[in-house]
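Work through the exercises below with the sequence and the coordinates open. Each task is followed by a solution in steps.

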Amino acid sequence: MKKPFWQGVFPAITTQLHKDQSLDLDATAAHAEALIASGVSGLIFLGSLGENQALRPEEKRAVLQAMIQSFRGRVPILSGVAESSTAEACRYVRDLERLGVDGFMLMPAMLYRGDPNETLTHFRSTAAATGLPMMIYNNPISYANDLTPDLLAQLATVKNFVALKESSGDTRRLTDIINRLGDRFALGRRSILRGG
């Protein structure tokens, strides 16, 4: 779980679907292939772009199984974790670790605004369910749970949290995190100017 694993560009890409809303794994693989050809450092499947919550559990696992078989070894393959309960998030990361994913981008439990202790419990419990490295995704604008620098300091003791995607919309937040935690996490942020 060395930080260089987390350097470079790791786009969260959309899962392609047929017109009948069934998975189009060939088109998803073609999309990933184009990104690899463009020089990305890794791929995040099932990010928070909508389909993660819309897909059935078996569909999520089918997407990752196919993408791991196609691309693992060429670039790291990560999966977003956007389950609606901590128990489901733990089950998901255990299943995906067995399939061979390289790491995770973890979001808070969906559909529920937890208090800080509940949010910390969700993140700690999910991390404890796997030995793989994880990126914490903080996006309180969309998920109503804000991982403040104080809460991140409490999560800093969890070894497999190695990176942070900071999307709070607060332009000082990265500075506050660095002032509080130094280089504890590899840091990334969603581009404010490009809306990405």
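**Exercise 1. Count the aromatic pairs and classify what you find.**

Solution. Rings of Phe, Tyr and Trp (its six-membered ring) pair if their centres lie within 6.5 Å; planes under 30 degrees apart count as stacked, over 60 as edge-to-face and the rest as tilted. By this rule there is one aromatic pair. The ring centres of F123 and F161 lie 6.2 Å apart and the planes meet at 55°, so the pair is tilted. This pair links distant parts of the chain, with F123 in helix α5 and F161 in strand β6 (residues 161–166), 38 residues apart. Helices (H or I, at least four residues) and strands (E, at least two) are DSSP runs, numbered from the N terminus.

Before going on, note the basis of the values. The model is predicted, so local features need pLDDT of at least 70 and side-chain atom pairs count only at pLDDT 80 or more, while totals for chains, interfaces and linings use all residues. Residues are numbered from 1 along each chain as its sequence is written, and side-chain values use heavy atoms, with hydrogens and water left out.

**Exercise 2. Decide whether F123 and F161 are buried or exposed.**

Solution. Buried means under 20% relative accessible area, exposed over 50%, partly exposed in between (1.4 Å probe, protein chains only). F123 has 0% relative accessibility and therefore counts as buried. F161, also at 0%, counts as buried.

**Exercise 3. Check the length of α5 and locate its buried face.**

Solution. The expected span of a helix is 1.5 Å times one less than its number of residues. α5 has 13 residues and runs 18 Å from first to last C-alpha, close to the expected 18 Å. Next, list its buried residues: T119, L120, H122, F123, T126 and A127. Down the axis of α5 these fall within an arc of 155°, so they line one face of the helix; the arc is that of the directions from the helix axis to the C-beta atoms. The face turned away from the buried side carries exposed N117 and A128. Finally, the cover over the buried residues of α5 includes α4, β4, β5, α7 (149–155) and β6.

**Exercise 4. Describe the surroundings of T119.**

Solution. T119 belongs to helix α5 and is buried, with a relative accessible area of 6%. Leaving out residues up to four places away in sequence, T119 touches G114, N145 and L147, where contact means heavy atoms within 4.5 Å. The side chains of T119 and N145 are joined by a polar contact of 3.3 Å. A polar contact is a pair of N or O atoms within 3.5 Å; within protein, one must be able to donate a hydrogen and the other to accept it, and residues adjacent in sequence count only if both atoms are side-chain atoms.

**Exercise 5. Which ring does the charged end of K60 sit over, and which that of K165?**

Solution. A charge sits over a ring if NZ of Lys or CZ of Arg is within 6 Å of the ring centre and within 35 degrees of the ring normal. K60 has its charged end over the ring of Y92, 5.8 Å from the centre. For K165 the ring is that of Y137, at 4.4 Å.

**Exercise 6. Find the buried residues of α4 and what follows this helix.**

Solution. In α4 (residues 86–99), the buried residues are A89, C90, Y92, V93, D95 and L96. They pack against α3, β3 (77–81), β4 (103–106), α5 (116–128) and β5 (134–138). After α4 comes G100, with a positive phi near 110°.
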